[in-house]
Amino acid sequence: MDSLVNECDVVVIGAGLSGLSAAYYLHKKDKGLRIIVLEAKDRIGGRTLTRQLAAADGTKDFWDLGGEWAGRPQPHLQYLLRKFNLNTFNPVRPHDGRQLSDLTTLTLQTRCDLIQFTWKLKSLQRKLTGVDLKMSVNALEYDNCSFDKYKEENLWTQTAKTIVDSACKCMFGLEPSEMSLLYFLMYVKAAGGLEIFLHPKEFTGSECRIKGGVQQLSSHLVQKIGKKCVYLSQPVSHIVQSIEGARVITTNNVQVLCQRIILAIPPHHIAAINYSPPLAPAKLGLFQSVPLAFIVKFAVTYEEAFWKKDNDRHHYGFQAVLDNDEGPVGIVYDASSGRGNPALAGFISSFQGLDSDPKNRRATIMRLIEKLLGPECQKILEFSQMDWSKEPYNGGCFLRSIVPGATKYFNNELREPFDRIHFAGTETATVWCGFMNGAIQSGFRAATEVLYHLRPLIITSPDLEVLHLPDDAQETPQVKQNWLTWAAVGMGFASAVYFLTKTNTVSSSTTFVKNIRLVFDGR
């Protein structure tokens with residue numbers, strides 16, 4: 001920055017998709033607003049990261065080591081893709097119009113078990129509809145009950161239990177014992193029907209990837225906002241509010257005076273900032289109760305897509321679970337680029353024996369892939385990995401479970417403004433929470449709250465329900481509400497259901513990794 005003390009109308013803290021979307025929305029609505037974006041890292045993009053790797057065509061091609069997948073049911077993400085003329089491609093759809101193999105039927109006993117389980121969960125959801133969770137006896141009871149305990153008491157077949165366990169491990173990065181029943185119910189509340197667990201083909205948020213990588217979104221947003229408004233390597237340490245306005249102070253002792261602030265950083269980093277006056281203890285405790293999952297994402301490029309040789313089905317997208325002696329620990333899938341350069345990508349979660357040293361961890365990942373695909377997988381062009389738990393000012397990837405006992409406050413309290421401070425970030429989204437669409441939506445929502453105070457003639461209500469996309473809204477497809485969040489929940493369960501319908505024995509590690517249709521968002 002040019003001077004020690006700067007002045008503007010709005011400070012946006014965080015230059016990930018959420019913060020940049022908030023700044024973009026503000027600029028779109030009123031180009032006269034003075035906006036400053038402060039980013040702690042030395043780059044933009046937050047939990048999206050695109051890297052260039054050696055490719056089979058002799059050039060460098062693009063692969064994402066952060067958030068990656070886009071789907072038609074994600075209106076805010078699709079809006080930006082259209083706005084910036086970014087093309088997507090479907091890496092798994094047959095080009096000749098053929099459909100991938102249909103699901104075979106679960107045993108009648110297992111299917112009945114899953115159906116009665118979803119009925120019970122729906123009954124619990126109805127008890128929470130329209131109630132204040134902080135005052136609800138049912139919410140308190142569900143928040144003090146682990147999802148694993150509820151599963152054990154309400155499922156009787158081992159196959160159904162394995163479906164739930166495997167899906168939670170891949171979907172949340174943790175076991176059912178590590179999340180409360182209330183958190184699970186809230187996560188799926190806006191999805192529209194637990195039947196999606198049994199119908200994986202009907203709802204998906206992982207149908208397309210972006211040609212050239214996701215980080216293009218952040219670059220385009222910065223171009224629209226203005227590069228001069230975005231300042232990197234400026235970690236915020238203090239926020240001071242008064243009747244006249246607010247003061248933001250960075251660790252570099254740069255100070256910015258403003259009228260409104262949008263915090264678009266992970267919750268545990270929000271909790272690390274010093275506030276005057278201080279955050280309410282309950283709100284501070286809530287931000288401290290939202291840890292992020294341990295996730296390492298990797299990409300491996302090849303001269304040839306050798307995994308397509310054995311099964312013609314793999315021509316249209318290969319996905320499989322990586323497992324060790326403990327069970328499923330991650331996934332791997334065909335990540336061939338939009339230019340057709342072969343690659344595998346995936347992620348692994350924490351497990352016993354996983355080394356923190358990148359070289360040793362690479363060897364572990366390649367051993368897991370070799371166990372699945374054979375020694376030919378070792379003939380690589382380039383290997384790249386990203387340990388999101390070690391990323392500065394990030395601390396993890398994926399929205400993980402809320403600490404038990406805090407979930408009942410999560411729904412509204414995380415988004416509730418604190419005087420002049422407004423809260424964004426994918427964790428605060430009302431749809432696609434934890435995904436890129438959730439990040440964008442939360443940025444638009446926080447910007448709307450700010451405009452309601454600074455430009456009341458532009459925004460007459462801060463209510464999210466009246467929020468429209470900045471323009472071209474008429475081009476946005478009308479999508480049913482239950483499409484908007486089911487990939488976040490249904491993807492894990494549906495994929496696990498599919499796998500188990502294709503296997504004869506759940507206990508076999510060799511069988512477990514074969515032909516599972518599982519493509520996860522990298523968040």
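1. Gln 255 in strand S12 is the bridge partner of Val 5. This belongs to the parallel pairing of strand S1 (residues 5-7) with S12 (residues 255-258), which runs over 3 bridges. Strands pair if DSSP finds at least two bridges between them; helices (H or I, at least four residues) and strands (E, at least two) are DSSP runs, numbered from the N terminus.

2. The model is predicted: local features need pLDDT of at least 70, side-chain atom pairs count only at pLDDT 80 or more, and totals for chains, interfaces and linings use all residues. Residues are numbered from 1 along each chain as its sequence is written, and side-chain values use heavy atoms, with hydrogens and water left out.

3. Gln 255 is also the bridge partner of Ile 249. Here strand S11 (residues 246-250) pairs with S12 in the antiparallel sense over 4 bridges. The two strands form a hairpin with 4 residues between them, and Asn 253 in the turn has a positive phi of about 65°.

4. There are 11 aromatic pairs, counting rings of Phe, Tyr and Trp (its six-membered ring) with centres within 6.5 Å; planes under 30 degrees apart are stacked, over 60 edge-to-face and the rest tilted. Tyr 79 and Phe 444 are edge-to-face because their ring centres lie 6.4 Å apart with planes at 80°. Tyr 79 is in helix H2 (residues 75-83) and Phe 444 in helix H13 (residues 436-454), so the pair ties together parts 365 residues apart in sequence.

5. Tyr 79 is buried, at 1% relative accessible area, and Phe 444 is buried at 0%. Buried means under 20%, exposed over 50% and partly exposed in between (1.4 Å probe, protein chains only). Tyr 25, Tyr 79 and Phe 444 form one aromatic cluster.
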